[in-house]
Each structure stands twice: as structure tokens, then as C-alpha cells.
Amino acid sequence: PNKMAYSAAISACAQAFEWELALAFLNEMQGAGPRADVVAYNAAITACARADEWEHAFALLRQAREAGEFDAKTLTAAMSSCTGIGLWQAILALLASPQSRAEVEAVWDLHCYNTAIFTCIGSDAWRLCMSLFDGMVSNTVEPDAVTYRWLARSCGYGRQWQVALGILADFQQRRLPDPDHSVWQAVAWACDVAGRGPPAKASPVASHICAVPDFVTPSASWHRREGLLASPVQVPT
């Protein structure tokens, strides 16, 4: 079989939730001669992600990085393996890797950022979500309503209603489309869980997003100082 046939077989395994078979095809491909390309890696990582096999997904991401066969879809697929279990520490470890700064600037797109932010929802990592947003803006990646909705949800879980109001103000200033008012609803929920009334729908809120540290620092020391890495995990990067 050629490279295209192997990639198609791995993709079929991903669709069928057969992650072990997908890895078997990838190993066979590498042993038979055709060099695994970004398509094959993306399919194999997706297969692992669909089964919440994050350790295998990140191990494959490491291989793809070393081979130079990765893109935004590769990173998004690997991060999505953590969303079902809320493993935000894996996102932090990914950002703290030696390649992260150049990689973020060159590869990360809207889907990468949104997936990373979504993974951090439901934990005490709202600061990490805000740092991701800060890096997103610095990297000139335009956020969308999904970005702001996940940010507001993270603030709700962190009981940060004032930050949520700042998120709404920034969203309204950008005039991004949100036909179902999902961002406002997320901010209203964040205010509600903090015992505050809902914000006005139409008028901007006199608030601002709080300053947060640069999320692409080479170490995670500030997260540890804030107590975000009380139980860090080892992630293959």
C-alpha cells in the first residue's frame, strides 16, 4: 500500500473509533517504508482523541513535531483528546515546551485557541483561559463568539463575574456576530452563579478584562504560584 492508502485506512479507523487499529496501521506504514505525513498523523491523533486516549495522542504529536509533519489540525486534534476529561494541565505543558513560542506564532489558529480554552472550562484555570486569549490577540488571531462564550463560562466556574463583564464589553466593542446571544447568556450565567444580576444586552459594560501574564513563557512558574498546578501531570510534548 502507498501513503495515500495508509492514510485512508487510518482515517477510517478514526471514524469507527478504532484507535488501536489506527495506531497499528500507522506503525505498519512507518515500518513498510512510506514516511508518515501530516495527513496520517492527523488521522491517527484524531482516532486517539475520539477515544479520550490523550497520552497516545500527545505521544503522536511529539513524533509529528520531531518529523516536521504537523499543522494547526494536528495540535487541535491532540488538545481535543483532553476536552472530555478536562485535562487543562496538558494544555499548559504543551505551551511550556521549548518549541511553543515559535510554534504558537507560526501554527496556532482560531480552532487551536478555542479548543485550548474549552479544555480549561470547568476547572480553576480561568487565568489560563485569559492568558490564552491574551496570546491569541497578541498573535493577531481574530476571536469569534465561540471564543468569548468559552471565556465567559470559564469565568463563571471561577466566580469571576467582573472579568466576565469585561469579556462582554470587549465582545460588544468588536461587533462580532452572535445571533443566538450565546455570549451574553454565558456572561449572565457567570453573574448569576456569583449572585449578581444579568448585564444589559445592548449597551457596553463599563469594565475591562484584567491583565494576565504572558501565556507563552518558557516555564509555568506563575501558574504554580497561583496554585493552578497543585497536581501537575507529565505530558509527552
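## Terms and basis

Angles under 35 degrees count as roughly parallel, those over 145 as roughly antiparallel, 65 to 115 as roughly perpendicular, and the rest as oblique. Helices (H or I, at least four residues) and strands (E, at least two) are DSSP runs, numbered from the N terminus.

This is a predicted model, in which local features need pLDDT of at least 70 and side-chain atom pairs count only at pLDDT 80 or more, while totals for chains, interfaces and linings use all residues. Residues are numbered from 1 along each chain as its sequence is written, and side-chain values use heavy atoms, with hydrogens and water left out.

## The chain as a whole

The secondary structure comes to 13 helices and 0 strands. Read from the N terminus, the elements run α-α-α-α-α-α-α-α-α-α-α-α-α.

The chain has 237 residues, and 50% of them are buried. Buried means under 20% relative accessible area, exposed means over 50%, and partly exposed lies in between (1.4 Å probe, protein chains only). Of the contacts between residues at least 6 apart in sequence, 71% join residues at least 24 apart; contact means heavy atoms within 4.5 Å.

## Helix 1 against helix 3

Helix 1 (residues 3-15) packs on helix 3 (residues 38-50) at an angle of about 15 degrees, and their axes are 8 Å apart. Axes are lines fitted to C-alpha atoms, for helices over the stretch in contact, and angles run from 0 to 180 degrees between N-to-C directions. Helix 1 and helix 3 are therefore roughly parallel to each other. Helix 1 passes helix 3 in a left-handed crossing. A crossing is left-handed if the near helix is turned anticlockwise from the far one by less than a right angle, and right-handed if clockwise.

On the helix 1 side, the contact is made by Ser7, Ile10, Ser11, Ala14 and Gln15; on the helix 3 side, by Val39, Ala40, Ala43, Ala44, Thr46, Ala47 and Arg50. By class, this contact of helix 1 with helix 3 has 7 nonpolar, 4 polar and 1 charged residues. Ala, Val, Leu, Ile, Met, Phe, Trp, Tyr, Cys and Pro count as nonpolar, Asp, Glu, Lys and Arg as charged, and the others, Gly among them, as polar.

## Helix 2 against helix 4

Helix 2 and helix 4 pack at an angle of about 20 degrees, with 12 Å between their axes. Helix 2 and helix 4 are therefore roughly parallel to each other, and helix 2 passes helix 4 in a left-handed crossing. Helix 2 contributes Trp19, Leu23, Leu26 and Gln30 to the contact, and helix 4 contributes His56, Leu60 and Gln63. By class, the contact of helix 2 with helix 4 has 4 nonpolar, 3 polar and no charged residues.

Ala24 is also found in helix 2 (residues 19-32). At 38% relative accessibility, Ala24 counts as partly exposed. Its C-alpha atom is separated by 8.8 Å from that of Ile10, 14 residues apart along the chain.

## The loop at Glu69

Glu69 is found in the loop between helix 4 (54-67) and helix 5 (72-80). At 18% relative accessibility, Glu69 counts as buried. The Glu69 side chain reaches the backbone nitrogen of Val38 at 3.1 Å. A polar contact is a pair of N or O atoms within 3.5 Å; within protein, one must be able to donate a hydrogen and the other to accept it, and residues adjacent in sequence count only if both atoms are side-chain atoms. Leaving aside residues up to four places away in sequence, Glu69 touches Arg35, Ala36, Asp37, Val38, Tyr41, Ala64 and Thr74.

At the start of helix 5, a side-chain oxygen of Asp71 reaches to within 3.0 Å of the backbone nitrogen of Lys73. The buried residues are Ala72, Thr74, Leu75, Thr76, Ala77, Ala78 and Met79.

Helix 5 packs on helix 8 (residues 110-119) at an angle of about 10 degrees, with their axes 9 Å apart. Helix 5 and helix 8 are therefore roughly parallel to each other. The contact joins Ala72, Leu75, Thr76, Met79 and Ser80 of helix 5 with His111, Cys112, Thr115, Ala116 and Thr119 of helix 8. By class, the contact of helix 5 with helix 8 has 5 nonpolar, 5 polar and no charged residues.

## Cys155 in helix 10

Cys155 is found in helix 10 (residues 145-157). At 0% relative accessibility, Cys155 counts as buried. Not counting residues up to four places away in sequence, Cys155 touches Trp126, Met130, Gln160, Val163, Ala164, Ile167 and Ala190. The C-alpha atoms of Cys155 and Met130, 25 residues apart along the chain, are separated by 9.0 Å.
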